[in-house]
There are 2 protein chains.
Amino acid sequence: MIPAPSLFPSLHLELPAWMADYVSKASQWTTTREQRMAFVVSLARMNIQHGTGGPFAAAIFRLDTHELVAPGVNLVVASRCSVAHAEIIAMALAQQRIGSHDLGAPGLPRHELVTSCEPCAMCLGAILWSGTGQVVCAARDSDATEIGFDEGPKPLDWVSALQQRGIVVTQDVLRTEARQILQDYANQNGIIYNSRQGFAP
Amino acid sequence: MIPAPSLFPSLHLELPAWMADYVSKASQWTTTREQRMAFVVSLARMNIQHGTGGPFAAAIFRLDTHELVAPGVNLVVASRCSVAHAEIIAMALAQQRIGSHDLGAPGLPRHELVTSCEPCAMCLGAILWSGTGQVVCAARDSDATEIGFDEGPKPLDWVSALQQRGIVVTQDVLRTEARQILQDYANQNGIIYNSRQGFAP
């Protein structure tokens with residue numbers, strides 16, 4: 001009944017091939033907060049155009065130098081992994097790059113998560129455990145739910161919940177641009193991969 | 001300023017080596033719900049004993065045959081990944097094994113997540129997106145917070161939030177045994193890896 005140990009796979013998540021080339025040319029995008037968000041929003045659009053995932057992107061930057069530490073895009077369907085939201089990918093790859101599970105560990109520069117949409121319930125918790133010091137959001141929860149995505153059972157005061165733990169939250173940076181991508185995705189009948197509302201017990 | 005694309009690592013998560021041998025011998029553990037939980041609780045204890053992570057374990061089982069689909073243990077520190085909670089590992093590896101991001105997809109048997117502790121805010125959201133149909137918990141949130149772990153900003157009515165989406169929740173299965181592992185871990189001065197309460201903005 002129990003499968004052989006070899007049947008337990010490992011989990012391997014990596015960025016789409018198109019991203020490496022684009023990201024390597026994007027150094028002009030990272031000086032201001034709006035530029036960093038524009039870079040992230042462009043990743044969300046390219047993720048749709050390349051058919052590699054949902055209309056969401058994120059990235060971790062250093063707060064001092066504004067250097068890109070790791071980008072992320074939604075890879076849920078492509079990677080067969082419901083956890084593979086853009087924020088999760090960016091935070092996890094940033095942690096792999098710096099070699100710590102805590103982006104806020106002593107001796108490290110502070111880090112900023114820039115995300116094309118406010119975090120879902122899962123990513124909200126993941127942000128807390130990641131050690132990132134700031135979160136910058138474009139589209140609102142309501143922009144995502146309007147096209148059918150479920151943000152999950154977030155506390156109404158989720159911004160306060162982060163800020164009480166010392167994480168600065170900035171909303172509505174390039175919201176219009178990010179929202180348009182969500183609407184374009186819906187208009188193209190993109191997969192609303194986590195819209196399942198459950199099933200009868 | 002932007003690192004070369006090759007500097008963006010991939011994320012690779014795999015079970016500790018000790019687990020394969022143990023899991024392959026554990027077919028007697030999976031018939032009843034209490035047996036499945038006892039198996040999971042034993043994984044949590046072994047994760048401490050082997051020094052491979054925090055005092056938490058989980059597993060995904062098929063609801064019809066009670067077959068183990070994938071086990072998971074906390075691998076946050078070992079894998080340098082704050083997302084690598086036991087529930088995340090079990091759900092993600094189960095999805096890799098069945099080849100879908102949705103454990104509740106049409107044509108699949110229903111699945112059960114058995115976890116040694118009630119889910120934190122992140123895992124609560126992840127459970128929703130995973131497609132699992134049932135969640136069985138041992139230790140309570142309060143058992144984890146008593147020893148210093150932070151469960152994060154969960155809605156007070158998190159059980160209802162899951163059940164409203166068709167996910168059946170069962171609490172307190174072998175709670176005493178699972179709580180003892182948490183207390184033993186604290187007594188050994190184990191790393192409370194996500195207890196960081198943030199920093200001054």
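Me: What share of the 201 residues in chain A is buried?
Reply: This is a predicted model, in which local features need pLDDT of at least 70, side-chain atom pairs count only at pLDDT 80 or more, and totals for chains, interfaces and linings use all residues. Residues are numbered from 1 along each chain as its sequence is written, while chains are lettered from A and ligands numbered from 1 in the order in which they are written. A residue is buried if 20 or more other C-beta atoms, placed from the backbone, lie within 10 Å of its own, exposed if 12 or fewer, and partly exposed in between. For chain A the buried share is 52%.

Me: Which pattern does chain A follow along the sequence?
Reply: Helices (H or I, at least four residues) and strands (E, at least two) are DSSP runs, numbered from the N terminus. Chain A has seven helices and six strands. Read in sequence order, the pattern is β-α-α-β-β-α-β-α-β-α-α-β-α.

Me: In what order do the five strands of the open sheet in chain A stand?
Reply: Two strands pair if DSSP finds at least two bridges between them. Pairing in this sheet is mixed. The order is S3-S2-S4-S5-S6.

Me: Which strands of chain A stand at the edges?
Reply: Each edge strand has a single partner strand, so one side of each is left without a neighbour in the sheet. They are S3 (68-73) and S6 (168-170).

Me: Which residue in S4(A) is the bridge partner of Phe61(A)?
Reply: Strands S2 (residues 57-62) and S4 (residues 111-117) of chain A pair over five bridges, in the antiparallel sense. Phe61(A) has as its bridge partner Glu112(A).

Me: At about what angle does helix H7 of chain A run to S5(A)?
Reply: Axes are lines fitted to C-alpha atoms, for helices over the stretch in contact (C-beta atoms, placed from the backbone, within 7 Å). Angles run from 0 to 180 degrees between N-to-C directions. H7 (residues 175-187) lies across S4 and S5 (134-139) of chain A. Its angle to S5(A) is about 60°.

Me: Is Leu174(A) buried or exposed?
Reply: Leu174(A) lies in the loop between S6 and H7 of chain A. Its phi is near 60°, a positive value in a residue other than glycine. With 22 C-beta neighbours inside 10 Å, Leu174(A) counts as buried.

Me: How many other C-beta atoms lie within 10 Å of Arg80(A)?
Reply: Arg80(A) sits in the loop between S3 and helix H3 (86-98) of chain A. Phi here is near 55°, positive in a residue other than glycine. Arg80(A) is partly exposed, and its number of other C-beta atoms within 10 Å is 18.

Conventions:
Two residues are in contact if their C-beta atoms, placed from the backbone, lie within 7 Å.
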